[in-house]
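Colleague: I'm new to this one. Could you pick a single part and take me through it closely?

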Amino acid sequence: MNRIHLLARPDSAGPRAKAVRAAVDSAERLGLLTTVLTAPTPDAIAAAIDAARPEIERLVIVGGDGLVHRALPA
């Protein structure tokens, strides 16, 4: 099954929220199933990825370098 997971902070608003929505829309137009992972705090990012790990085929990080920095070790 073709699935894409997007990681974004739930407090994303404005341009970042639009970027998440655009990424979901683009993936779905390509026939991919989408799941948006969220983490309420920076420390919860690794846990969110670990919880979804069995299903993750592709992970797209929608955010800044702080989110990338926290997600990469996971």
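Modeller: Let's take arginine 3. Beyond its neighbours within four places in sequence, arginine 3 is in contact (heavy atoms within 4.5 Å) with Leu32, Leu33, Thr34, Thr35, Glu55, Glu57 and Arg58. Keep in mind that this is a predicted model, where local features need pLDDT of at least 70, side-chain atom pairs count only at pLDDT 80 or more, and totals for chains, interfaces and linings use all residues. Residues are numbered from 1 along each chain as its sequence is written, and side-chain values use heavy atoms, leaving out hydrogens and water.

Arginine 3 is buried, meaning under 20% relative accessible area with a 1.4 Å probe, protein chains only. Still, arginine 3 has no salt bridge, which would take a side-chain nitrogen of Lys or Arg within 4 Å of a carboxyl oxygen of Asp or Glu. Glutamate 55, the nearest side chain of opposite charge, is 4.9 Å away; Arg counts as positive and Glu as negative here. What arginine 3 does have is a side-chain polar contact of 2.7 Å with threonine 35, that is, a donor and an acceptor among N or O atoms within 3.5 Å.

Now the surroundings. Arginine 3 sits in strand β1, residues 3-8; a strand is a DSSP E run of at least two residues. The sheet is open and parallel, with three strands in the order β2-β1-β3, and its edge strands are β2 (33-38) and β3 (59-61). Pairing takes at least two DSSP bridges; β1 and β2 share six, and one of the pairs is leucine 7 with leucine 37.

Conventions:
Helix = DSSP H or I, 4+ residues; strand = E, 2+ residues; numbered from the N terminus. Buried < 20%, exposed > 50% of the residue type's maximum accessible area, 1.4 Å probe, protein only.
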